[in-house]
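User: Could you walk me through how to read the cores and salt bridges in a structure like this one? I would like the general idea and then the case at hand.

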Amino acid sequence: MTTETITADAAGTWKLGDLTVNRLGFGAMRLTGSAAFHLGTASDRSRSLAVLRKAVELGVNHIDTAAFYFSALRSANELINSALAPYGDDLVIVTKVGPYRDYSGEWATSARPDQLRGHVEENLRQLGRDHLDVVNLRRLEQDSVAEHFGALADLREAGLIRHLGISGIEPKHLAEAREIAPVVCVQNRYALDRPDPEGDELLRLCGESGIAFVPFFAVAGSGGARGAADTHDDAVLAVARAHGASPAQIRLAWSLHQGAHVLAIPGTGNPDHLVDNVAAGGLRLTDDELARLGASHRS
């Protein structure tokens, strides 16, 4: 497939509350190194800045990040600030709070509800913003999200946050959060090679309610934070050959085909991979191809 002229608007748009975004976005996790967090080697700063600027040039107006996205030498939020500020009016930056890493990079105790304001303020400081467009509460292991989500709802009322989302949840947590404040997006791990009946149910519920469903690790699959999957089943390889596309592009296209409310946030620190990822938003899969890939997902 020809990638040079395909921009992020090829995937169509969706609204996060009152904020319109192209459905093909960008995840900032991989900007900081060869693998997420402290798992790889630190990235080249100038290359990461160039990737961000190229993403916006290609029409990406939805960037997903977090204050805990950092490696030994790089911070995703600082890179975003340096590359893109002053921010365009149409650029939507989505952050997440809850998990916490100390300055050595080790994971520490996640935030209590009364500590979430500090997490929000740290994102504001790093990004150079006076408010955050969307903040996802990343649930870790708590059975109820009411106290944590309620604390973020208070910060929304105070004007520090425009819209709220929720991440790493089960269907019951979505219902619980919506009793407290509007939810504009659900961000969960969800991928073609990962059978996930609960994720399928959340995908359906979000579609019925007009809530964006934002899968992460859609390309990485089983590789997760360490990087993209390097093995693909026969269905993915066959569809990729038919379109002259890469397996990663097919995985992204399949995700976007799961509903008009699905947003993709593939991350990379490689300018060539960025162009390929954005171009995946222009792929149109046939019903037969979707059926074959869907069978692979369910198995």
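Analyst: Happy to. Buried stands for under 20% relative accessible area, exposed for over 50%, and partly exposed for what falls in between (1.4 Å probe, protein chains only). Please keep in mind that this is a predicted model, where local features need pLDDT of at least 70, side-chain atom pairs count only at pLDDT 80 or more, and totals for chains, interfaces and linings use all residues. Residues are numbered from 1 along each chain as its sequence is written, and side-chain values use heavy atoms, with hydrogens and water left out.

User: Which side chain meets Asp193 in a salt bridge?

Analyst: A salt bridge here is a side-chain nitrogen of Lys or Arg within 4 Å of a carboxyl oxygen of Asp or Glu. The partner of Asp193 is Arg251, at 3.3 Å from N to O. Arg251 sits in helix α8 (residues 247-256) and Asp193 in the loop between β10 (185-189) and α6 (197-209), so the bridge ties together parts 58 residues apart in sequence. Helices (H or I, at least four residues) and strands (E, at least two) are DSSP runs, numbered from the N terminus. Arg251 itself is buried, with a relative accessible area of 2%.

User: How many salt bridges are there by this rule?

Analyst: The count comes to 15. One of them joins Arg162 and Asp18, at 2.9 Å from N to O. That pair links distant parts of the chain, 144 residues apart: Arg162 is in strand β9 (residues 161-167), Asp18 in the loop between β1 (13-16) and β2 (19-22). By contrast in setting, Glu121 and Arg117 both lie in helix α3 (residues 116-127), four residues apart, about one turn of the helix. Their closest N and O atoms are 2.8 Å apart. There is also a network of salt bridges linking Glu201, Arg204 and Glu208.

User: And how do I read a nonpolar core?

Analyst: In soluble globular proteins, nonpolar side chains tend to be buried together. A nonpolar core is a set of buried Ala, Val, Leu, Ile, Met, Phe, Trp, Tyr and Cys residues joined through side-chain atoms within 4.5 Å. The largest one here has 81 residues, and those with the most contacts inside it include Leu52, Val120 and Leu152. Apart from it lies another core, of 12 residues, among them Leu16 and Val184.

User: Which residues does Leu152 touch?

Analyst: Leaving out residues up to four places away in sequence, Leu152 touches Val97, Leu116, Val120, Val135, Leu137, Ile161 and Leu164. Contact means heavy atoms within 4.5 Å.
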